[in-house]
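Let's take a walk through this fold, one piece at a time. Have the sequence and the 3D view open as you read.

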Amino acid sequence: MRFPWFRRKEVARLPEKFRAEQLHFLGEHDGAPERELKDKLIQLFERRKDIQRAYLAITQYEDIESINVALCIRAKWGRHPLLREIGQVFSSIFNAEEHLDILYLTEEQEERLSRVCRPFWNAWP
């Protein structure tokens with residue numbers, strides 16, 4: 001899911017769903033604002049024990065040439081209802097031109113991702 005943000009702390013549009021046939025994980029995305037995002041997301045996930053692991057990854061979709069940043073989530077029950085809260089956390093840190101893809105990982109995707117990126121949240125260390 002992509003979150004296009006137009007104003008800080010306020011979502012201008014609903015998340016957009018999209019499908020990509022091929023997904024490539026390129027590595028971990030890290031820096032000062034990303035660490036702030038991870039810290040705030042950890043606080044959110046600590047209250048929700050159904051999120052197993054979370055990664056902030058650099059991704060590329062085969063049908064889209066650009067490089068993206070994705071919050072990759074492995075949850076007990078697949079898709080998770082935290083989208084609005086994640087969006088609020090993201091928009092409190094990043095400007096209106098930024099977006100965040102949110103991916104719900106399958107077991108196979110998580111296996112591939114774990115080769116190039118470590119989770120910033122792990123409910124079961």
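**Strands, helices and charges**

Strand S3 and strand S4 (residues 101-104) run parallel, joined by four bridges. To find a spot where they meet, look for Ala70, whose bridge partner in S4 is Asp101. Keep in mind as you click around that this is a predicted model.

S3 also has a partner in S2, and here the pairing is antiparallel, over nine bridges. A handy landmark for this one is Ala54, which stands opposite Ile73 in S3. How much of S3 is covered? Most of it: seven of its nine residues are buried.

Now turn to helix H1, which takes in residues 32-46. Its 15 residues reach 21 Å from the first C-alpha to the last, close to the 21 Å expected at 1.5 Å a residue. Which of its residues are buried? They are Glu34, Leu37, Lys38, Leu41, Leu44 and Phe45. These residues lie on the same side of H1, because they cover an arc of only 120° around the axis. The spacing of such a set follows from helix geometry: with 3.6 residues a turn, residues three or four places apart in an α-helix point the same way.

And what do the buried residues of H1 pack against? Their neighbours include three strands you can pick out in turn, S1 (23-28), S2 (51-61) and S3 (67-75). Helix H2 (83-91) and strand S5 (121-122) are also among the elements they pack against.

The side chains of Lys38 and Glu28 meet in a salt bridge, at 2.9 Å from N to O. This pair links distant parts of the chain, with Lys38 in helix H1 and Glu28 in strand S1, 10 residues apart. Is Lys38 buried or exposed? Its relative accessible area is 7%, so Lys38 counts as buried, since the cut-off for buried is under 20%. Glu28 is partly exposed, at 25%.

Lys38 has another partner in Asp30, and in that salt bridge the closest N and O atoms are 3.3 Å apart. Asp30 is partly exposed, with a relative accessible area of 41%. The general idea behind such pairs is simple: side chains of opposite charge can pair when their charged atoms come close.

In total, the structure holds 10 salt bridges. Elsewhere, salt bridges that share partners join Glu28, Asp30, Arg35, Lys38 and Arg118 into one network.

Stay in helix H3 for the last stop, Gln109. With a relative accessible area of 18%, Gln109 is buried. A polar atom of the Gln109 side chain lies 3.0 Å from the backbone nitrogen of Thr106. What else does Gln109 touch, leaving out residues up to four places away in sequence? The answer is Leu23, Phe25 and Tyr104.

Methods:
Residues numbered from 1 in each chain as written. Predicted model: local features only at pLDDT ≥ 70, side-chain atom pairs only at ≥ 80, totals over all residues. Heavy atoms only, no water. Helix = DSSP H or I, 4+ residues; strand = E, 2+ residues; numbered from the N terminus. Expected span 1.5 Å × (residues − 1). Buried < 20%, exposed > 50% of the residue type's maximum accessible area, 1.4 Å probe, protein only. Arc of directions from axis to C-beta. Contact = heavy atoms within 4.5 Å. Salt bridge = Lys/Arg side-chain N within 4 Å of Asp/Glu carboxyl O. Polar contact = N/O pair within 3.5 Å; in protein donor to acceptor, adjacent residues only side chain to side chain. Pairing = 2+ DSSP bridges.
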